[in-house]
Every structure is written in C-alpha cells, then in structure tokens.
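This report looks at how the parts of one protein chain are held against each other.

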Amino acid sequence: MSAIMNRRFILAARPDGLPQESDFRLEDSPLPVPGPGQIVIRNHYASLDPAIRGWLDDTPSYLPPVALGDAVRASTIGTVEASHVDRFAPGDWVMGLNRIEQYSVVTPDDFMHPIDVMLAPSVTSYLSAMGAVGLTAWFGVSEIMKPRAGQTLLVSGAAGAVGSMVGQLAKLQGARVVGIAGGAAKCARLIDHYGFDAAIDYRGKDVAALAADIGAACPQGIDHVYENVGGTCLDAALLHINTQAQIILCGLIAEYNGDPQGARNIWQLIVKTATMRGYLLTEFVDRFPEGSRAIAALIAQGKLLFDEHIEDGIDRAYPAFMRLFDGSNDGKMILKLA
Ligand SMILES: NC(=O)c1ccc[n+]([C@@H]2O[C@H](COP(=O)([O-])OP(=O)(O)OC[C@H]3O[C@@H](n4cnc5c(N)ncnc54)[C@H](OP(=O)(O)O)[C@@H]3O)[C@@H](O)[C@H]2O)c1
C-alpha cells in the first residue's frame with residue numbers, strides 16, 4: 001500500500017474570519033502502511049458541513065480543533081481497501097468521521113460503521129438525507145419540537161440541507177411552515193418544490209424589515225423557531241413568538257466567520273415565557289438507525305425530497321466549502337473524491 005499517493009486537503013493556517021484559499025493547501029504524500037487494528041479506506045465522497053468551520057478554530061468545542069498541517073476533518077463514505085480488523089472486509093462500504101483526503105488509514109472508532117448502499121436511494125444519501133443532516137432534521141422535529149397541527153414553525157437556512165428537511169417534516173406533522181432563505185429563487189423553491197406555506201428572503205434586510213415580513217407571513221405568530229442562522233434572522237423571529245414558544249438553536253451560520261451577532265431580543269423569552277435550547281445531533285447517537293429507517297421510509301413513499309450539490313474532485317475542496325457561506329450550494333454540499 002505504501003506506493004499509493006494520497007492527495008489531502010490540509011489546514012495550513014487558522015482562518016481569521018472568512019476562510020481564504022491560502023489557509024489550506026493540497027498535499028500529495030505516500031499512504032502509510034496500515035498497522036494492526038487499522039483499515040485503509042478509499043474515500044469516495046466527503047460531506048462539506050458548516051460545522052467544519054468551527055473545527056478550524058482553536059476554541060473549545062465538542063471535538064478538538066483540526067491540527068495545523070493535518071487534513072481537514074469531514075464525514076466520508078468510502079470502500080475498504082485493506083483491513084486488519086475482523087468486522088471490516090475489503091470492498092465493504094463504510095462511513096466515518098475521517099478527513100478530506102483520497103485515502104484514510106484509520107483505527108475504526110465508534111463513528112466508523114458499515115453502510116448498506118442497497119438500502120439507500122443513492123450512496124451519497126448517507127451524507128445527506130440518510131446522514132447527519134437528515135438525522136438532525138428528523139430528531140430536531142420529531143423529538144424536540146414536536147409541532148402540532150395548526151401551529152406555525154419558522155425555519156431559517158430553510159433552502160439548505162437541514163432546513164429543507166425540517167420544513168417538510170414539520171409539514172408532515174401538520175404545522176404551518178414558513179422558511180427564511182437567501183434570494184428569490186430559493187424562496188420560490190421552498191414553496192414550489194418543498195411545499196412550504198410561505199417563504200421570506202432575508203437578504204438586504206435589517207431586523208425591522210425582516211420582522212415586518214415575518215409578521216406578514218406568520219399572522220398567528222410563531223410557535224416553533226428552528227434556528228440555523230442566528231443574527232438578524234433570530235432577532236427578527238423573536239419579535240413574533242407566541243406564548244410558550246420553543247426556539248431550537250441548531251446552527252448560527254451567520255456567526256461562524258465573525259463575531260457573535262445575536263440574540264438581541266431575548267427579552268421576548270421572558271415576555272412570552274418561551275424556551276430556547278441548544279441542540280446537537282449527538283444527543284441522539286443511540287437512535288441513529290431508527291432515524292435512518294424512518295427517513296428512508298418517507299423517501300420511499302415520496303413524502304420527503306432531498307437535494308444534493310456534488311462538486312467533483314478534491315482540488316475543488318476550497319471553493320466547494322465556501323459555497324456554504326455565500327449560499328451558492330443547492331442542497332447538501334458534497335465533495336466527490338474518487
Ligand atoms: N446542531 C447540529 O447537530 C447540526 C447538525 C448539522 C447542521 N447544523 C447546522 O445547521 C445549519 C445548516 O447546515 P446545512 O449543512 O444544512 O447547510 P446548508 O443550509 O445546506 O448550507 C448553508 C446555507 O446557509 C446559508 N447562509 C450562509 N451564510 C449565511 C449568513 N451569513 N446568513 C444567513 N444565511 C447564511 C446559505 O443559504 P442562503 O442562500 O439561504 O443564505 C447557505 O446555503 C448550519 O448552521 C449548521 O451548523 C447543526
């Protein structure tokens with residue numbers, strides 16, 4: 001195996017604000033020979049997630065920061081090339097938290113597991129609907145928010161991977177669903193493609209203007225806020241919450257490349273005796289198989305749509321990653337490596 005050259009997407013410097021291309025480099029290095037207890041994975045696809053931005057900073061988080069000089073961490077799916085572990089055989093499809101690199105030599109951890117590609121609508125769906133983003137939406141809606149018929153749910157980042165599934169799942173539970181997204185095309189897509197009841201374009205709007213639009217789109221007020229963005233979106237949403245509303249903080253992408261922006265209207269939580277709570281998918285790690293089965297069933301029944309934006313080649317890692325922050329991704333951002 002040592003003759004194989006492995007192209008890797010390396011963190012060269014810690015980004016200050018929006019990541020620059022010079023913060024990364026592509027590096028070719030010989031693949032190490034796997035030792036006892038290790039397997040070699042040929043990575044076919046990597047999941048590009050907003051969370052990666054947080055892992056590039058040397059700040060306390062739920063995972064250690066990516067080390068300078070190491071390949072950037074990402075969930076990948078791939079095939080086993082060589083194995084010194086009984087439960088993994090060459091040719092098996094596996095998913096795990098690896099790195100953005102063509103091959104990974106790893107000691108399998110709790111995140112590494114085989115996947116049955118015959119059960120999924122596509123291999124890549126294990127990084128989208130059947131993977132972390134789908135599960136995030138599923139457990140967030142069905143276990144935390146539990147919206148009821150007649151209630152209104154507002155979701156930001158609505159046209160993205162998590163947001164589009166949150167809206168559809170909440171609709172299936174009978175809620176009225178309003179989405180916030182960037183631009184007229186994404187807003188039209190929310191209604192025409194994903195079946196949202198209303199959509200609001202946040203771009204170019206301050207809190208007052210966005211709050212006015214939210215008020216018009218949510219005449220009965222908001223019972224559930226599923227927050228993926230923060231900043232202006234959260235500040236404006238809080239001005240329209242109902243008594244005992246639930247606000248779930250899933251992500252704050254507006255803050256990932258800069259200073260904290262919100263929440264400036266949290267006094268509304270007191271006025272409306274509302275609850276705001278943070279949410280991390282790993283809360284439900286023991287129930288992932290159950291969630292994946294539920295999502296697969298809804299997809300098979302044609303009740304849940306999902307979209308993927310696949311960029312081809314590890315050399316495209318930087319521009320593909322940056323799509324998450326300029327909004328030019330149309331669906332779950334995935335990088336094809338093999
Ligand atoms: N808590 C968890 O366990 C968990 C798990 C997965 C994901 N998340 C979070 O869920 C959120 C969505 O993730 P995703 O993977 O589904 O990504 P995504 O929505 O597919 O892509 C990111 C989108 O965020 C929007 N965006 C980027 N910068 C923005 C800004 N400054 N202000 C407003 N919108 C901005 C863009 O859409 P527009 O064109 O609409 O601006 C972009 O397309 C992220 O905050 C992520 O961190 C949390």
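The sections below go from the basis of the model to its domains and then to its side-chain pairs.

## Basis of the model

The structure is a predicted model, in which local features need pLDDT of at least 70 and side-chain atom pairs count only at pLDDT 80 or more, while totals for chains, interfaces and linings use all residues. Residues are numbered from 1 along each chain as its sequence is written, and side-chain values use heavy atoms, with hydrogens and water left out.

## Domains

The protein is divided into domain 1 (5-128 + 306-336) and domain 2 (134-282), with bounds that come from an automatic or database domain assignment. The C-alpha centres of domain 1 and domain 2 lie 29 Å apart. Across the boundary, 15 residues of domain 1 are in contact with 11 residues of domain 2, where contact means heavy atoms within 4.5 Å.

Ala51 is placed in helix 1; helices (H or I, at least four residues) and strands (E, at least two) are DSSP runs, numbered from the N terminus. Ala51 and Gly251 are 200 residues apart in sequence, and their C-alpha atoms are 8.6 Å apart in space. With a relative accessible area of 27%, Ala51 is partly exposed, on a scale where buried means under 20% relative accessible area, exposed over 50% and partly exposed in between (1.4 Å probe, protein chains only).

## Aromatic pairs

The structure holds 6 aromatic pairs, counted where the ring centres of Phe, Tyr and Trp (its six-membered ring) lie within 6.5 Å, with planes under 30 degrees apart taken as stacked, over 60 as edge-to-face and the rest as tilted. Among them is the stacked pair of Phe9 and Phe24, with 4.7 Å centre to centre and 15° between the planes. This pair links distant parts of the chain, since Phe9 belongs to strand 1 (residues 5-11) and Phe24 to strand 2 (residues 24-30), 15 residues apart. Phe9 is buried at 4% relative accessibility, and Phe24 is buried at 8%.

Trp55 and Tyr62 form an edge-to-face pair, with 6.5 Å centre to centre and 70° between the planes. Trp55 is buried, with a relative accessible area of 7%, whereas Tyr62 is partly exposed, with 44%. The ring of Trp55 also has the charged end of Arg73 over it, 5.1 Å from its centre; a charge sits over a ring if NZ of Lys or CZ of Arg is within 6 Å of the ring centre and within 35 degrees of the ring normal. Returning to Phe9 and Phe24, these two residues form one aromatic cluster with Tyr318.

## Salt bridges

Side chains of opposite charge can pair when their charged atoms come close. The structure holds 17 salt bridges, each being a side-chain nitrogen of Lys or Arg within 4 Å of a carboxyl oxygen of Asp or Glu. One of them joins Arg7 and Asp315, with the closest N and O atoms 3.1 Å apart. The partners come from distant parts of the chain, Arg7 in strand 1 and Asp315 in the loop between strand 14 (308-312) and helix 9 (317-326), 308 residues apart. Both ends are partly exposed, Arg7 at 25% relative accessible area and Asp315 at 47%.

Glu311 and Arg323 meet in a salt bridge (2.9 Å, N to O). Glu311 lies in strand 14 and Arg323 in helix 9, so this bridge ties together parts that are 12 residues apart in sequence. Glu311 is buried at 7% relative accessible area, whereas Arg323 is partly exposed at 21%. Elsewhere, salt bridges that share partners join Arg8, Asp70, Arg99 and Glu101 into one network.

## Cysteines

A disulfide is a covalent bond between the sulfur atoms of two cysteines. With the criterion of a pair of cysteine sulfur atoms within 2.5 Å, the count comes to 0 disulfides. The sulfur of Cys233 is 11 Å from the closest cysteine sulfur, in Cys187, and is therefore too far for a bond. For Cys250, the closest cysteine sulfur is that of Cys233, at 14 Å, again too far for a bond. Cys233 is buried, with a relative accessible area of 3%, while Cys250 is partly exposed at 22%.
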